[in-house]
Amino acid sequence: MATQEVILHPASVVAELKKNDISHVVWLPDSETNFMYQLLTNEPTLDLVPVCREGETMAIAAGLWVGGKRPIVLIQNTGIFEAGDSIRGLGLDVNQPLVMLVGYRGWSRHGLTRDSAARFIEHILHAWGISYYLIETDDDADRISLAIEEADKTQKPVAVLVGTEFGS
Amino acid sequence: MIDNTDAVKLLDSKRNDAVFVATMNANNVNFGLPTVTSNEKLDFPVSGAMSKASNVALGLALAQPNRKVLCLDGDGSLLMNLGAMVTLTSKAPKNLVHILFNNKVYAVTGGQPIPGSEEVDWEGMAKSAGYAKVFSFDNLEDMTNGIDEALSAEGPVFVHLLVKPEIENTPVQFRTPAKRTVHTAIADMPETLGIKR
């Protein structure tokens, strides 16, 4: 029996971003998205905006959006907890159609995780009424397009949980 | 110390077609930018998330590199998000001027002192964070004489203003509501900037 290769290549994600004319990636590195860095920095159509803390990302994205660009946020689930007030005030309250790619630290298909970052994240997204998609492999990458489409349609933030470390 | 209204009035008189991203006392409806603005369509009040005005301004400056963006920030706000100074300078937008209204207190919550308000060296912090030019004014005459150089310098520029505290002690729900809000700005600013969506 063939086993599915559970791996997500950065190129698959970048291809989705390019397909949707994303202009900026506002991000704070994390272990789940580590391998994205080189590819993002080498991609001429994407401007990388590194931040010092995750709550900055939604505010920078708001400025980019009002200024006519199409940003996306790339942070870890721990950063979602840190960024709560920004998501509320400059995401949900102002109807920003922002897709947040979120490294799903602690995610496991195999039993309960001990990592509270994983145990709480979906509950928090539910509490805020933020819909989300899960991606784990290259086959799932097109869910990024679905998330972008939903954000554009609803004019609300949408999350994409990245449930695996990127492969190189 | 500089009177808050005098500071925003002077900045507004120099704005040309600059976008103002304003927060806290600088955007107060009784004595801030809304009382003197000559072009409110280019005013972007950030009230939705305290401390994030400079981040919003950075995003706007990156999106609109040919337009000057002035962030009118507060000291309590900036201290809440101090890393934003480095985030901003790491992208080094030439068109961004970050203006700090330093009144040393949390004016909108009753005037409680801000931690370190007598010790913090804002000029030093801005220089260390990597701003291309740093200016500081503690009286209106010096500000009047020096603001042109600050606004015409290649950014990112940091301007420290020592302003008089103007204390509010009214619960938020009983204050005069702002006519122009973050929602208004988000709704109409793209069109003002000539952006088609």
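**View 1. Chain B agrees with the compact-globule rule.** A compact globule of 197 residues would have a radius of gyration near 16 Å, and chain B, at 15 Å, agrees; this radius is taken over C-alpha atoms, and the rule is 2.2 Å times the number of residues to the power 0.38. The model is predicted: local features need pLDDT of at least 70 and side-chain atom pairs count only at pLDDT 80 or more, while totals for chains, interfaces and linings use all residues. Residues are numbered from 1 along each chain as its sequence is written, with chains lettered from A and ligands numbered from 1 in the order in which they are written. Along the principal axes, the C-alpha atoms of chain B fill a box of roughly 45 × 40 × 30 Å. Seven helices and eight strands make up its list of elements (DSSP runs numbered from the N terminus: helices are H or I, at least four residues; strands are E, at least two).

**View 2. Helix α1 of chain B and its buried residues.** Look within residues 4-13 for Asn4(B), Ala7(B), Val8(B) and Leu11(B), the buried residues of this helix. They lie on the same side of α1(B), because they cover an arc of only 90° around the axis, an arc of the directions from the helix axis to the C-beta atoms. Their packing partners in chain B are β3 (69-74), β4 (96-102), α6 (140-152) and β8 (157-162). Buried means 20 or more other C-beta atoms within 10 Å of a residue's own, exposed means 12 or fewer, and partly exposed is in between, with C-beta atoms placed from the backbone.

**View 3. Asp188(B) sits in helix α7 of chain B.** The helix spans residues 182-192. Asp188(B) counts as partly exposed because it has 13 C-beta neighbours inside 10 Å.

**View 4. Where chain B touches chain A.** Here 26 residues from chain B meet 22 residues from chain A, a contact being two residues whose C-beta atoms, placed from the backbone, lie within 7 Å. On the side of chain B, α2 (53-63), α4 (83-91) and α7 each give two or more residues. The most come from α2(B), with eight residues. This side of chain B divides into 15 nonpolar, nine polar and two charged residues (nonpolar: Ala, Val, Leu, Ile, Met, Phe, Trp, Tyr, Cys and Pro; charged: Asp, Glu, Lys and Arg; polar: the others, Gly among them).
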